[in-house]
Amino acid sequence: MLLSLNWLREFVPFEGTAEDLGGRLTMAGLELDGIARPFAALAPVVVGFVARCGRHPQADHLSVCRVDVGDEALDIVCGAPNVAEGQKVAVARVGVTLPNGMQIRKATLRGAPSEGMICSEAELGLSSDHEGILVLDPSAGIGARLPDALKLDDEILDIAVTPNRGDCLSVLGLARETAALCRLPLNLPRIRPEETGSPAELSLSLEVADAALCPLYQGRIIENVVARKSPAQLRFRLQAVGVRAISSLVDVTNYILMELGQPLHAFDLDRVRGGRIIVRGADPGEVLVTLDGQKRELLPSDITIRDTLASVGLGGIMGGLDSEITAETRRVFLECAIFHPSSIRRTARRLSLNSDAAYRFERGVDQTGAAYALDKAAAMMASLSGGSVRPGVLRVELRPWKAPLLTLRKRKAEDLLGVSLDDAFCAGTLTRLGCAVAALPADGGEPEPGTAWEVAPPGHRPDLTREADLIEELARVYGLDRIEPVVPSIVRPLSRAGSPESAHHFRIRVKQWAKGLGLNETINYSFVSHRELDVFDPLADAPGRISILNPLTDEQNVLRTLLAPGLLSALRNNLAQGSPGARFFEIATAFTADAASVTTAREEQRLGLLFSGARFDADWPQVQADADFQDLAGVLQHLLRAFSLPAADLRPADPAAYPWLAPAVTIHVGDTPLGFLGRVKPATADSYHARKPVWLAECNLDTLHGLYLAVRTAFTPLPVFPPIRRDITFICAPGITHARILEAITALPLPLLADVRLIDCFEPQGTGERHLTYRLTFRHPERTLKDAEADKQRDAVASALPGIIAVRL
Amino acid sequence: MDLTSSLESLIPALEASLRQTASLDELDEIQVAFLGRKGSLARLMGCLPELPAAERPAFGRIANTVKERLTALVEERRRHLVEEREQSYLARFDPSLPGRAPWQGTLHPITLVMEEICDVFQAMGFEVASGPEVETDFYNFEALNFPPDHPARDMQDTLFVAEGVVLRTHTSPIQIRAMLERARPPVAVIAPGKVYRRDSDLTHTPMFHQIEGLLVDTRVTFAELRGTLTMFARQVFGSDVAVRFRPSFFPFTEPSVEVDISCILCAGEGQNADGSACRVCKGTGWLEILGAGMVDPNVFSAVGYDPESCSGFAFGLGVERVAMLKYGITDLRMFFENDLRFLTQFA
């Protein structure tokens with residue numbers, strides 16, 4: 001809301017600066033966003049008196065003037081046809097820069113010296129009028145600053161008005177607030193238009209179908225009007241608050257909207273057919289062309305203003321093109337109505353039609369102020385357009401506004417705010433805000449009866465409907481900043497003791513693990529594009545995805561079903577910056593559609609890991625290499641160890657399930673599936689500009705958390721007797737995996753075998769075979785083992801295994 | 001040469017060899033050559049049976065003396081070489097060489113700030129709560145006193161996934177979930193999480209992070225809201241920070257406030273030392289960091305709490321905003337670009 005300080009002062013004698021007012025309003029909940037000085041460039045322009053004016057001896061279209069600007073007289077050559085002796089004019093002296101950037105210099109025009117410029121409205125940035133110089137009122141003081149002489153609204157406060165304070169979307173509303181906050185009187189002069197001619201009701205009758213949609217519909221008829229250019233001050237004032245001046249008829253409706261917050265609409269009465277205005281819902285399938293020239297398809301829930309044939313306007317939002325005010329308009333029906341906020345909002349939103357009128361109706365317009373606004377508007381219109389107001393207000397008020405009667409208990413306010421309040425402050429504040437306040441008799445039922453009041457809020461405060469709203473008003477005026485801080489003692493109920501670790505805390509611990517291990521946390525958007533997801537998600541057409549119905553861009557039109565796209569995008573961003581590699585992790589939600597969920601979504605917390613490029617951050621003394629499967633697999637096993645879980649079982653995955661990974665493996669803990677791991681196929685990696693292998697894993701953190709919560713750590717006594725170790729190397733045929741060998745060894749009946757681990761893996765070139773060396777640890781629980789016993793056990797392994805799987809020694 | 005002189009000649013022979021020895025490995029070889037099982041000494045000792053029995057004891061004594069002498073010579077040389085090696089290591093030692101560096105991990109600045117804030121509130125007794133990111137209209141709006149077709153809904157441009165289902169526009173639905181889950185006061189929760197709005201420009205990203213706080217008990221006051229948030233501001237931004245409460249509007253709190261802290265760059269002066277307007281607070285001296293208020297009675301009614309017998313406060317803050325202030329980050333979008341040169345500045 002753009003508020004002119006001068007305009008405000010017409011209603012309230014506020015003496016402070018714009019900054020003072022902005023500060024007061026801000027601390028009362030009406031935040032100052034900024035102060036604009038739209039006419040700042042005009043400050044050095046002064047009022048001059050054209051003492052002499054004669055034709056230029058060398059040029060017919062130029063005049064040579066002698067202009068008195070108070071402290072001196074200037075010779076000025078002027079090209080405007082309308083300049084004349086005896087005028088008061090706007091003078092820019094040498095050195096002044098006008099709003100259009102023109103710099104005034106001393107000049108000689110065809111031999112005549114010129115020491116300044118007599119300005120037009122366009123040159124002053126006041127309008128686009130180039131027709132001639134701006135001629136000021138004869139009362140303007142010679143030498144006065146032009147902004148003062150024109151009473152320009154030169155200080156404009158931009159106030160952010162919250163949705164509950166529709167009443168402050170006007171000069172009057174902010175003046176009321178200023179008066180209440182600064183304890184100043186509000187000056188609202190009575191206005192009654194002069195009425196002539198036959199009663200208005202002889203020309204037009206009104207009918208309203210629905211009291212809820214339109215509690216009040218009223219208007220006046222103004223005749224014999226001629227649309228003109230509005231007076232300068234009105235035009236400049238509208239311009240200062242961002243409204244374009246159009247004509248004396250239309251400008252009045254905008255002026256009253258800005259001043260009183262009451263939207264008005266002026267119909268050309270000669271284009272309203274049948275002498276009747278009907279307010280009701282649109283007919284099914286009805287189409288209306290609105291003022292902006294757009295064809296609007298209407299629904300029966302839209303409020304239309306109609307004549308006896310069709311719609312002539314969309315109530316509270318925008319008029320129809322056919323009944324628009326034009327230069328030919330002579331008779332005006334000036335509508336001043338109240339429409340239902342949410343109905344207006346539904347229609348305006350559906351049609352994407354956000355007019356100033358709709359904006360105010362959505363937030364509530366003061367029904368009790370509508371009559372005043374209509375009278376003031378009618379009087380202004382008649383006076384500015386040379387017309388006359390027909391006697392009588394046409395009015396249908398099916399539902400008069402009724403103030404709610406609220407009870408305010410002082411004790412309740414004190415309990416909520418944590419301060420003690422003075423009776424006089426409570427009653428006085430609400431009274432100053434326009435409420436009718438009556439003390440209620442003390443309630444004898446309570447041991448210590450508190451003060452209470454019955455409060456009836458004014459019509460312009462439809463937001464005050466409950467005791468809580470009144471307490472807020474008290475707090476706001478009292479000053480929230482004056483309430484002393486108290487640190488609360490928070491009571492924790494015993495019933496919540498011993499709850500399992502929360503998902504949040506588990507996530508934080510996983511993040512700490514990842515950081516400690518040396519991974520870099522990323523945060524990626526939860527949405528990606530369907531197109532991007534198609535690469536990862538083999539079930540493109542399956543109902544597994546959750547689309548965004550109103551995405552900002554097609555790049556963000558679906559929720560991610562896995563973390564891989566975001567991690568890969570992060571990799572791409574870094575490769576573009578020349579990063580040699582990445583070790584990323586992210587903990588975030590993967591979303592899949594779930595018909596059984598009330599939110600339609602199944603949300604799974606995931607840990608995503610990505611390794612690509614340089615294994616180490618630094619080179620020497622490390623031996624640099626590209627990250628590979630062992631890096632990622634090792635990190636994954638480390639995660640499980642870190643949460644006291646057994647090693648993961650990594651099995652080849654069904655390639656169809658991960659068409660973008662090769663190799664692809666699934667991660668299981670025991671029989672519980674935990675996620676997947678693999679290398680991104682080069683074609684997919686390439687689309688993220690990755691030339692080096694990209695290894696990626698995702699784990700379901702909810703599952704991991706569940707497994708972790710089930711862990712019961714129990715102490716195992718340390719072995720007493722020393723172990724004996726024996727190494728054994730198998731030459732393995734292609735296809736024989738490490739897991740297969742381990743499985744075969746551990747299946748043998750070897751009661752003394754305590755541990756088997758791989759200690760070397762060698763792949764001679766060309767054979768396809770691998771040499772895997774294992775270290776077997778033997779131990780007897782009750783005595784020291786003899787070398788011969790260990791040898792015998794090792795030999796048992798050596799002789800048994802080639803018979804079970806394709807290995808030799 | 002008789003056996004005895006052969007034996008005795010081992011000593012000068014070893015001395016000559018040791019003089020040539022520069023490394024411990026060579027020393028080991030020489031030790032084996034002279035004193036090993038098949039070394040020179042052993043070979044001569046092997047001739048013992050060939051001697052007349054009467055000469056054997058004398059030869060044995062000489063052999064022992066020679067063996068002791070040889071051993072002493074080797075050990076002396078060894079001590080010398082070890083000492084030499086040690087001196088040489090110390091002479092070459094360069095403490096400025098890089099270490100064998102383990103990977104350096106980092107947490108995202110959003111995580112760091114979120115955890116710092118959660119820690120402050122947990123120390124005061126708040127419990128961490130979470131909720132889904134896809135929410136129903138009931139939790140995201142209706143129960144929070146945003147009636148349908150109310151302009152308050154314009155305050156949050158919403159992304160929809162289905163009729164009546166949205167990406168949560170704030171963490172406030174977790175208030176509703178926490179109150180319903182606990183069924184009665186007291187409720188003291190802090191809820192960090194991702195939120196979504198249909199908004200993208202220099203100062204808005206469609207996804208960002210919030211932290212919600214809620215305290216409900218039989219008699220919670222606005223003064224306690226002030227105390228809680230002043231505590232938070234000082235813990236996170238320093239003990240000299242001033243806190244300002246301005247009335248505002250949120251549908252789910254009444255009274256509602258916006259909370260400003262004194263500008264951390266210009267210390268609330270509004271201007272720099274040279275008199276120019278402060279870039280961070282735009283000359284106002286204040287920075288808006290969160291919204292808060294006393295829980296609206298309609299919210300209590302929506303979750304079945306009696307507004308007459310309980311009261312509470314709620315607050316919500318933008319994590320990116322706090323992180324930007326705390327670290328002096330000027331571009332919001334950097335949070336989601338995951339540039340390692342950015343990420344590795346925070347640990």
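The questions and answers below walk through a predicted model with chains A and B.

Visitor: How are residues, chains and ligands labelled, and which pLDDT do local features need?
Guide: Residues are numbered from 1 along each chain as its sequence is written, and chains are lettered from A and ligands numbered from 1 in the order in which they are written. Because this is a predicted model, side-chain atom pairs count only at pLDDT 80 or more, totals for chains, interfaces and linings use all residues, and local features need pLDDT of at least 70.

Visitor: Which domain of chain A is built from two stretches of residues?
Guide: Domain bounds come from an automatic or database domain assignment. For chain A, that assignment lists domain 2 (40-149), domain 3 (200-397), domain 4 (406-482), domain 5 (503-710) and domain 6 (724-808). The one written as 2-38 + 155-182 is domain 1.

Visitor: How far apart are the C-alpha centres of the two domains of chain B?
Guide: The assignment for chain B gives domain 1 (3-92) and domain 2 (109-343). Their C-alpha centres lie apart by 84 Å.

Visitor: Which helix gives the largest share of the side of chain A that touches chain B?
Guide: Two residues are in contact if their C-beta atoms, placed from the backbone, lie within 7 Å. By that rule, the contact takes 82 residues from chain A and 76 residues from chain B. On the side of chain A, nine residues come from one helix, residues 503-517. Helices (H or I, at least four residues) and strands (E, at least two) are DSSP runs numbered from the N terminus, and this helix is H13 of chain A.

Visitor: How many residues on that side of chain A are nonpolar?
Guide: Ala, Val, Leu, Ile, Met, Phe, Trp, Tyr, Cys and Pro count as nonpolar; Asp, Glu, Lys and Arg count as charged; the others, Gly among them, count as polar. The side of chain A that touches chain B has 26 polar and 19 charged residues. Its nonpolar residues number 37.

Visitor: Why is helix H5(B) called oblique to helix H8(B)?
Guide: Axes are lines fitted to C-alpha atoms, for helices over the stretch in contact, and angles run from 0 to 180 degrees between N-to-C directions. Helix H5 (residues 109-124) and helix H8 (residues 222-237) of chain B have axes 10 Å apart and pack at about 135 degrees. Angles under 35 degrees count as roughly parallel, over 145 as roughly antiparallel, 65 to 115 as roughly perpendicular and the rest as oblique. The angle of H5(B) to H8(B) therefore makes the pair oblique.

Visitor: Which residues of H8(B) meet H5(B)?
Guide: By class, this contact has seven nonpolar, two polar and one charged residues. From H5(B) come Glu116(B), Ile117(B), Val120(B), Phe121(B) and Met124(B). From H8(B) come Thr228(B), Met231(B), Phe232(B), Gln235(B) and Val236(B).

Visitor: Which residue of S38(A) is the bridge partner of Ile728(A)?
Guide: Strand S36 (residues 724-732) of chain A pairs with strand S38 (residues 770-778) of chain A in the antiparallel sense, over nine bridges. Strand S37 (residues 753-762) of chain A also pairs antiparallel with S38(A), over eight bridges. In S38(A), the partner of Ile728(A) is Tyr774(A).

Visitor: Which residue in the turn between S33(A) and S34(A) has a positive phi?
Guide: Strand S33 (residues 661-669) and strand S34 (residues 672-680) of chain A are joined by seven bridges and run antiparallel. They form a hairpin with two residues between them. Phi is about 60 degrees at Gly670(A).

Visitor: Where is the cis peptide bond that involves Pro663(A)?
Guide: Pro663(A) is found in strand S33 of chain A. Omega of the cis bond is near 0 degrees. The bond runs from Ala662(A) to Pro663(A).

Visitor: What is omega for the cis bond joining Glu254(B) and Pro255(B)?
Guide: Pro255(B) lies in strand S8 (residues 253-262) of chain B. For the bond from Glu254(B) to Pro255(B), omega is about -5 degrees.

Technical notes: Two strands pair if DSSP finds at least two bridges between them.
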